[in-house]
Each structure stands twice: as C-alpha cells, then as structure tokens.
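Hello,

Here is the structure I promised to pass on. Please have a look, and my notes follow below.

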Amino acid sequence: MDKLDNYRLSLGQHQYVPIMIGGMGVNISTAELALEACRLGGIGHISDAMLPFVSDKKFHTHFTKTKSEKYRASRDTFDKTNVKFALEDLHQAQLKFVESAMEQKKGDGGIFINVMEKLNMAAPGETLRTRLTASLDAGIDGITLSAGLHNSSLKLIADHPRFNDAKIGIIVSSSRALKIFLRSGKRVNRLPDFVVVEGPLAGGHLGFGEDWNEYNLKDIVIDVLDFLKKEQLDIPVIPAGGIFTGTDAAEFMQLGSGAVQLATRFTVTQECGLPTKAKQVYFNAEEKDIFVSTLSPTGYPLRVLQQSPCINSNVKPQCEPLGYILNKDGNCQYLDAYEATAVDEKGRKLAVKDKICLCYHFSKYNTYTCGHYTYRLKDTTNKLASGEYQVLSAEHIFNDYLYSTDHKIDVPQPEDELESPAEFIKSA
Ligand SMILES: Cc1cc2nc3c(=O)[nH]c(=O)nc-3n(C[C@H](O)[C@H](O)[C@H](O)COP(=O)(O)O)c2cc1C
C-alpha cells in the first residue's frame, strides 16, 4: 500500500523527507517546530511575521518600545504617515531570530522562512528587502515567498551572494500567479526551486476571492503540473491546504507532486507557539465554528474560528508599537474601520464590526486562524480524564503522515495512562 514515506523531495543536490511544515505567523510555527521537522529530515518553516516584536519577547530586545516611543505624537491621531520601521532595527531583529534557529539545527532537513509580501510595514519594498537580506545573511536554507505575487521580490536580493545558493520558492493558488512570478524571475535569471500550491482549505490568509469555495486543490495542482510540463520546467510542486492524512498526502504524490505542505495538524503540538488554551479551542472546534472572514485589513480572506477573541473588539489601532499592515501612505483598513465606528453615550468606541487590528490581535494570539479541517483535530488524539485533549508531539504527527495508510490516523497512548518515571522505576 502506498504511503508518503515511499517518496523523497529533491531540491538541487539535497534530498528531503517530503513533508514541509508551513509557515504560521505570528510565531505559531516556532523555531522549535521547524527544528523538529528539520531533525526528522523534512522542511520546517519559521515565519517572518512581526519579528521585531517576536524578538522582544524571545530575546528581551526593545525594538517595539523604541518604535512606540519615537512615534508617541501620532498615537491620538489617524494620521500615521510618519510611522516607519527603522531598517537597521528590522535587520537586527530578523538576523537574531533566524541565526538563533539556524544555530540549533540538527538532522538532514531544512529550515526555511515564510516571507509575506502583504506585510507592507509602511515601506513595502525597503522592509521586504531588509527581511529577505537578513534571512540570507543569517544562513537560512530556503525562503518561501507568500501572501502576494512577489513580482519584484527576486530583484530585491538578486545581488546577494546567497541568491543562487538558498532555495527560493513561492506560494501560489493558480497557474496564472505562477506565470507572473516566472516572468519576474526571468528578469534576474532565476527560476524558483519549488512551488507551493495552496488551495482554499488552508489556514491563514487565502489567495482567493469570495468565490474560494468554487476551487479545489487537486484541480489547481493538476493545472500547475500540466503547465510546468508544457513549459518543460522541472520544478517540484508542493500542494497545501486540507491534506489531513498520510493517504491524502500519498495521493498528491501519485499525481506527481514533490512533497506536501502541512500546518493544521501541527497547531496542536507541544512545539507550536499557540497558547495552551488556544490549542484546546482548536481541538474542541466544530465544523460550524470555522468560517472564512473578511476581517483582515490586508484585504485577503482569512479563515478563523468564531471563538477568536479578536472578533468584535474595539482596540485602538496599534500602529506606533506595531504597524506591520500600514501601507506606504500610512493607511490600514482597520484604521478606517476604527475611525468610522461610533462611540457609546460614555464616549467609548463600540465594537469594530468589519475589520480587526491584525497586529494587536496576532501579537496576543487572539486570532484563531486555522485550516478548514480543524474540526477533525479531536479525532487525532485522546480526551483525557481532565476533560482536555492530549496535546501531541510534532514527531508523532510527522511520522503519522509518513507511515499511515488507508486514511488511518495514529492516536498516541493516552498520557494519563502512561506510567510516571518514578512508577516505572518502581515497577521495573
Ligand atoms: C494557524 C495557521 C497560521 C498560518 N499562517 C500563515 C502565514 O503566516 N503565512 C502563510 O503563508 N501561510 C500561513 N498559513 C498556511 C500554512 O502555511 C499552510 O500552507 C496551510 O495551512 C496548509 O494547509 P493545512 O493547514 O490544511 O495543512 C497558516 C496556517 C495556519 C493553520
């Protein structure tokens, strides 16, 4: 019977176990999760979302406080045109975070970084160049360009000494988007090393419009494979979005995929950055709780759980400390929505209905973004005597994907039935 372990992903000279754990911002796909994928021979992603903020939490740096104090004057206005990131600080934060992950690397796999174009950071080109350059400087194995067409991204780093040595790929949701990227690559003589094809059941932001429901991953993958074949381009295609069992994965390999990219099942692992409480909300989710929202000020649809604490919040825009979604003119859709929201009789803002302050709520893990099949997570583990679901190890899920057949899911031994080390020694 076919299983995922029958396949390997070749990127240049390197062979990987064909599992990529997708990037999940903000620091949901932690370095610890990426390092596990790497140790097991696959590819793990760290995310480059809000790294100055993440670095402050992880390494006790002060990038966010410094920025917030510098722009104190604009806190009570809606004019954020002056609020900018210090590029040197951004470079430092990115370098520190990526270097720290790379220093801990073990095993034959790879550590890649997911870099989102839609994080405009008030100066799209400059901040993107800084983030890409710092990642390469820090020795990242690969870059996965996401959340955008990345028409100019390759050009931004074309003169970097590691431009041809690091693996660079892109996430697309159609062959049309891939064609645009290939055209931009031609200008700097660089083909992508891999293409992630993300379908409409994925977590995070979706590369579709309101009609996302009319698409399916398999059809898009077949279309991209056909297109690459016609163009005689040998670029591994990596499907993502709704691949829930090892058998789902093996079926995509039979079509001619190079690997699979997975995320949702890893949200409930010890290594995942979500708070413990949020992991239990993910486990408890029912299908009716999961919806594709228009809440994101990026303009992309965002799949979330209706239990997300960010929904109907009235938090003041946090552009001075954060401001990752501000465009080059100092605008963000949340700023407009907040400004347009009325106040109650005591002068307090009512709940902002249409948008969320993505920066604030992602920084607090208040936005429970998730893949469509999150409601199946409860079937992958044990309900413990405490009433909580057992959080899994990344290794367990990784191996379940690799070795399972017939859509079976390997549920681990319940942890409350495991002997404690002391009892084990006594009984031995
Ligand atoms: C919690 C969560 C956060 C995500 N965040 C990002 C992100 O920041 N950038 C990105 O490109 N994709 C993001 N994704 C998409 C994943 O990287 C991945 O491609 C997709 O979810 C795979 O489908 P699956 O979750 O059904 O396995 C996220 C997914 C989840 C579940």
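The buried residues of H5 pack against helix H4 (87–103), strand E5 (110–116), strand E6 (142–146) and helix H6 (153–156). Packing here rests on contacts, meaning C-beta atoms, placed from the backbone, that lie within 7 Å. Helices (H or I, at least four residues) and strands (E, at least two) are DSSP runs, numbered from the N terminus.

Please keep in mind that this is a predicted model: local features need pLDDT of at least 70, side-chain atom pairs count only at pLDDT 80 or more, and totals for chains, interfaces and linings use all residues. Residues are numbered from 1 along each chain as its sequence is written.

H5 itself covers residues 124–137. Its buried residues include Thr-127, Leu-128, Arg-131 and Leu-132; buried means 20 or more other C-beta atoms within 10 Å of the residue's own, with C-beta atoms placed from the backbone. After H5 comes Gly-139, with a positive phi near 90°.

H4 also meets helix H2 (residues 51–59): their axes, lines fitted to C-alpha atoms over the stretch in contact, come within 9 Å and cross at roughly 55°. On the H2 side the contact involves Leu-51, Pro-52, Val-54, Ser-55 and Phe-59, and on the H4 side Asp-89, Leu-90, Ala-93, Gln-94, Lys-96 and Phe-97.

As for the whole chain, there are 14 helices and 13 strands, and 48% of the 428 residues count as buried. The C-alpha atoms fill a box of roughly 65 × 55 × 45 Å along the principal axes.

Best wishes

Methods:
Buried ≥ 20, exposed ≤ 12 C-beta atoms within 10 Å, placed from the backbone. Expected span 1.5 Å × (residues − 1). Contact = placed C-beta atoms within 7 Å. Axes fitted to C-alpha atoms, helices over the stretch in contact; angles between N-to-C directions.
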